[in-house]
Amino acid sequence: MEKMLMMAEQGGHYCSKKTDNLCDDCCCQESGRLTRIRCIMRGLDFKSYIFLFTVIPLFILGMYLHGQKISYFLRPLWEKPPKPFHQIPHYYNENVTMENLCRLHGWGVREYPRRVYDAVLFSNEVDLLTVRWKELYPYITQFVLLESNSTFSGLPKPLVFAANRHQFKFVEPRLTYGTIAGRFKSGENPFVEEAYQRVALDQLLRIAGITDDDLLIMSDVDEIPSRHTINLLRWCDDIPQVLHLQLKNYLYSFEFHVDDKSWRASVHRYQSGKTRYAHYRQTDALLADAGWHCSFCFRHISDFIFKMKAYSHNDRVRFPHFLNPKRIQKVICNGDDLFDMIPEEYTFKEIIGKLGPVPHSYSAVHLPSYLLENAENYKYLLPGNCIRERG
């Protein structure tokens, strides 16, 4: 009581509550005086201010700008590498008979070749589709193409193949073409739309007349099996029911050879009621050196921008400036990553080994023959020609 009277006489305030050591002088100040926060701030030293107003904001900014890169770099800590493939050695020379080539692989040779169906979902890759179909033309029974008016990410798109169909008259007698309406569901995972379109491609294959033991090529337009690989598989007996194809991995053109790890392309001996068109791992068997995967290999800058916004990984476009045409052109010529991402690998050794731009390659050996025969028209796909058209 004496303490309370003394405080009152001096114009002070008595606090009957227990207080912390930091603010025991002001915890009970009336509103309008020092707030508790300001009181706490008075107890911080200079180093604490530096940490609070410099280090923490910089950390938050860094996570915003580079959080995805940090996550990918730390991938080995939270994701184990997939089970290794069983690689099948691939033997080929144009002067070796088919009987000997089949025998080298441990397979028999057939009296007549299997029929082959090449089925693709099409977006806007007109040039690569031409290179693909010219490469495979001698050995394909039926070319099957499905096109939608929707991208995987739900954006409306024109029917590009329909508008350019006149360029593919050479396959017209063997072409089964279909269209499917997009569902345009806002906010949906792009892989749902992709799966929906692949199911529709199964139906189109049945319309095209595929039957049991026909060969079915499952791959994206930019995953191109080599001609001699498909010829080998159609002539050889006792090949695996499902076989993945190891493709050389290229970025932007055949100037930037990333690695030889592309494996999603596959060839199936068709089974009615069992075979389903898919783009994921379906077996452990992998045939070595079976073709080419040329990712983001476009003639026009506008096509790069379209795909960045349209395909299933469009969430990688984290900032608007990623779509700047000048930036994209610079990235292409440097061999950098369009999305400024860390390499998608499963060990720190592999990640560190791939950091930085993809090295330039000046070899155009063992590329699709049509590409080299028409090099003037497809210069941008060959080494030394990184400049793209703006259209």
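## Basis of the description

A residue is called buried when its relative accessible area is under 20%, exposed when over 50%, and partly exposed in between, using a 1.4 Å probe and protein chains only. By this criterion glutamate 345, at 8% relative accessibility, counts as buried. The structure is a predicted model, in which local features need pLDDT of at least 70 and side-chain atom pairs count only at pLDDT 80 or more, while totals for chains, interfaces and linings use all residues. Residues are numbered from 1 along each chain as its sequence is written, and side-chain values use heavy atoms, with hydrogens and water left out.

## Overall fold

The chain has 13 helices and 14 strands, these being DSSP runs numbered from the N terminus (H or I of at least four residues for helices, E of at least two for strands). Of its 391 residues, 42% are buried. Among contacts (heavy atoms within 4.5 Å) with a separation of 6 or more, 73% are between residues 24 or more positions apart.

## Disulfides

The structure holds 3 disulfides, each defined as a pair of cysteine sulfur atoms within 2.5 Å. In one of them, cysteine 102 and cysteine 236 have their sulfur atoms 2.0 Å apart, and the link is left-handed, with -95 degrees about the S-S bond. Because cysteine 102 lies in helix α5 (residues 98-104) and cysteine 236 in strand β8 (residues 236-237), this pair ties together parts that are 134 residues apart in sequence. Both cysteine 102 and cysteine 236 are buried.

Cysteine 333 is joined to cysteine 386 with an S to S distance of 2.1 Å, and this link, with 90 degrees about the S-S bond, is right-handed. The pair connects distant parts of the chain, 53 residues apart, with cysteine 333 in helix α11 (residues 325-334) and cysteine 386 in the segment after α13 (369-373). Cysteine 294 and cysteine 297 form a disulfide with sulfur atoms 1.9 Å apart; the torsion about their S-S bond is about -80 degrees, so the disulfide is left-handed.

## Charged residues

There are 25 salt bridges in the structure, a salt bridge being a side-chain nitrogen of Lys or Arg within 4 Å of a carboxyl oxygen of Asp or Glu. Arginine 198 and glutamate 194 meet in a salt bridge at 2.7 Å, N to O, and both are buried; they are 4 residues apart in helix α8 (residues 190-208), and so are separated by about one helical turn. Lysine 307 forms a salt bridge with aspartate 222, the closest N and O atoms being 3.8 Å apart. Since lysine 307 lies in helix α10 (residues 301-310) and aspartate 222 in the loop between β6 (215-218) and β7 (223-225), the pair ties together parts that are 85 residues apart in sequence.

Glutamate 255, in the loop between β10 (247-251) and β11 (257-262), is buried yet has no salt bridge, and the nearest side chain of opposite charge, that of arginine 388, is 7.0 Å away. In this count Lys and Arg are positive and Asp and Glu negative, with His and the chain ends not counted. Not counting residues up to four places away in sequence, glutamate 255 touches several residues, including Pro359, His360, Tyr362 and Leu382.
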